[in-house]
Amino acid sequence: MIALIPTAIVLIASFTYLISRPIMQVSAGIRALGEGQFAKPIQIEGPGDMVRLGAQLDWLRERLVTLEEQKTRFLQHISHELKTPPHRVARGIGPPLLRRGGQPHAEQREIARILQRTRSS
């Protein structure tokens, strides 16, 4: 009977460690994703369910990497477009709008007037 108590304590400590370790790994993986640390793959060691959860977290990490790259490309394109001087756009649009033939209606004349004013400033 006396030997059962220490054995029970060792078993409880072992199971607690075996259960808490994968949970701590999942928690660390989620924390890393939340902080934007996408470089290191997420791997969970433990029971099959926890390993599958780790694989899903790693899939999420890879998806976030892809989305971050797309966001960066989008911002680069937007930045490039915003750097294009408006007068260059106006120079290319204004006269052709008036030269298309036919009589421009009031809205087209107003757009051409605004573009020419932008070009001259």
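Predicted model: local features only at pLDDT ≥ 70, side-chain atom pairs only at ≥ 80, totals over all residues.
Local features need pLDDT of at least 70 and side-chain atom pairs count only at pLDDT 80 or more, while totals for chains, interfaces and linings use all residues. Residues are numbered from 1 along each chain as its sequence is written, and side-chain values use heavy atoms, with hydrogens and water left out.

Biologist: How far apart are the end C-alpha atoms of helix H2, residues 48-83?

Modeller: Helices are DSSP runs of H or I with at least four residues, numbered from the N terminus. The expected span is 1.5 Å times one less than the number of residues, so the 36 residues of H2 should span 52 Å. The model agrees with this, the distance between the end C-alpha atoms being 53 Å.

Biologist: Is Asp 58 buried or exposed?

Modeller: Asp 58 lies in helix H2. Buried means under 20% relative accessible area, exposed over 50%, and partly exposed in between, with a 1.4 Å probe and protein chains only. Asp 58 has a relative accessible area of 15%, so Asp 58 is buried.

Biologist: Which residues does Leu 64 contact, leaving aside its neighbours within four places in sequence?

Modeller: Leu 64, also in H2, is partly exposed, with a relative accessible area of 26%. Contact means heavy atoms within 4.5 Å. With those neighbours left aside, the residues in contact with Leu 64 are Leu 33 and Phe 38.

Notes. Helix = DSSP H or I, 4+ residues; strand = E, 2+ residues; numbered from the N terminus.
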